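The following note concerns the charged side-chain pairs of the structure shown below. Please read the points with the coordinates at hand.

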Amino acid sequence: MDFVIIVEGKNDRARLARLLKKDVPILCTFGTPGAKRLHELAKKVAGRTVYIYTDNDASGKRIRAILREQFPDAEQLYTKSGYAGVEGTPDEHLIRQLEKAGLEEYIAYPEPGLPELD
């Protein structure tokens with residue numbers, strides 16, 4: 001896989017993982033990353049394309065800014081304000097963001113008519 005997606009926490013990772021093929025790497029910052037965590041993420045990224053998908057709140061914006069410094073060429077994925085973070089974003093919006101990023105081939109589209117899982 002030539003890319004990774006970085007999210008804030010394990011609930012965000014679980015939410016995205018349900019909509020992506022199993023082998024898509026999703027890394028977590030586990031809150032505001034310090035120097036040690038940034039170094040660990042940089043090692044795991046190892047030259048791959050980075051997609052940053054953080055919450056649209058003060059904490060998420062702070063984390064996005066830190067990650068943008070570490071990975072200046074990263075692609076940015078956004079959730080709308082009003083949603084309870086990435087984990088609380090409806091499937092259709094998450095999918096739309098992944099499609100905008102050009103990741104269609106990695107999306108595990110839900111069957112039409114099935115309700116979203118919580």
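Which residue forms a salt bridge with E40?

1. The partner is R37, with the closest N and O atoms 3.0 Å apart. A salt bridge here is a side-chain nitrogen of Lys or Arg within 4 Å of a carboxyl oxygen of Asp or Glu. E40 and R37 lie three residues apart in helix α2 (residues 35-45), so about one helical turn separates them. Helices (H or I, at least four residues) and strands (E, at least two) are DSSP runs, numbered from the N terminus.

2. This is a predicted model, in which local features need pLDDT of at least 70 and side-chain atom pairs count only at pLDDT 80 or more, while totals for chains, interfaces and linings use all residues. Residues are numbered from 1 along each chain as its sequence is written, and side-chain values use heavy atoms, with hydrogens and water left out.

3. Buried means under 20% relative accessible area, exposed over 50%, and partly exposed in between (1.4 Å probe, protein chains only).

4. R15 pairs with D91 in a salt bridge whose closest N and O atoms are 2.8 Å apart. R15 is buried at 8% relative accessibility, and D91 is buried with a relative accessible area of 8%.

5. D91 also forms a salt bridge with R18, at 3.0 Å between the closest N and O atoms. R18 is partly exposed, at 31% relative accessible area.
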